[in-house]
Amino acid sequence: MVPDTPNSQPSRRPPPSQAINFVIDLISLLVLLALAATGLLLKYVLPPGSRGGRGLRLWGMDRHEWGDIHFWLSIALAVLVIVHLALHWTWVCAVVARWVSRSSGAKHLTPLRRSAYGVAFLIAVVALLWGSVWLAGLKTTSSGGDRDQGGGQRYRGGRGAAVLPQVAERAPAQ
């Protein structure tokens, strides 16, 4: 590195890692705002049950299409959070190690042990999230008498998937 002389000006350009972090954080903020906007649209502008859920449209899209956008925005935000955590992995490991060292009384932790604590914390968070989704799947029940449209774990498919066998049964033979 060349020392600054009185005639040279220091570089005002941030390091590449800071620029990448800024871009990731800015995109995350924009996706979070879009996620909040679509959530508010779904709650207040296109409420459930309004005209059977099919009558109201905003900019050519009904409630279900806005719900799809909301879902994919949430997936994008989750990916951006994972990237953000990966960029700050050293800090995450240090904070988790500090929590553990306070409770266990350990003074100095090796980098390997700090990383191990970070990985264990990440596994615990993923297990908690995955476990909650799994438990919700176990507790899902059908709300009515039509067993083809729902039924908890037996139902596999998207919008309209359960209707196809019924349509096939009612179709006239040719």
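Visitor: Which residues of H1 are buried?

Guide: In H1, the buried residues are Asn21, Ile24, Ser28, Val31, Leu35, Thr38, Leu41 and Leu42. They pack against H2. This is a predicted model, where local features need pLDDT of at least 70, side-chain atom pairs count only at pLDDT 80 or more, and totals for chains, interfaces and linings use all residues. Residues are numbered from 1 along each chain as its sequence is written, and side-chain values use heavy atoms, with hydrogens and water left out.

Visitor: Why is Ser28 called buried?

Guide: Buried means under 20% relative accessible area, exposed means over 50%, and partly exposed is in between (1.4 Å probe, protein chains only). Ser28 has a relative accessible area of 14%, so Ser28 is buried. Ser28 lies in helix H1, and helices here are DSSP runs (H or I, at least four residues), numbered from the N terminus.

Visitor: What does Ser28 touch, not counting residues up to four places away in sequence?

Guide: With that exclusion, Ser28 touches Leu77 and Leu80; contact means heavy atoms within 4.5 Å. Leu77, under the exclusion of residues up to four places away in sequence, touches Ser28, Val31, Leu32 and Leu35.

Visitor: And Leu32, is that buried or partly exposed?

Guide: Leu32 has a relative accessible area of 44%, so Leu32 is partly exposed. Leu32 lies in H1, residues 16–45.

Visitor: What makes up the largest nonpolar core?

Guide: A nonpolar core is a set of buried Ala, Val, Leu, Ile, Met, Phe, Trp, Tyr and Cys residues joined through side-chain atoms within 4.5 Å. The largest has 6 residues: Ile24, Val31, Leu35, Leu73, Leu77 and Leu80. H1 and helix H2 (63–87) each supply at least two residues of this core. A second, separate core of 5 residues includes Leu41, Leu42, Leu58 and Trp66.

Visitor: Why is Leu112 called exposed?

Guide: The relative accessible area of Leu112 is 69%, so Leu112 counts as exposed. Leu112 lies in helix H4, residues 111–139. The C-alpha atoms of Leu112 and Cys93 are separated by 9.8 Å, and these two residues are 19 residues apart along the chain.
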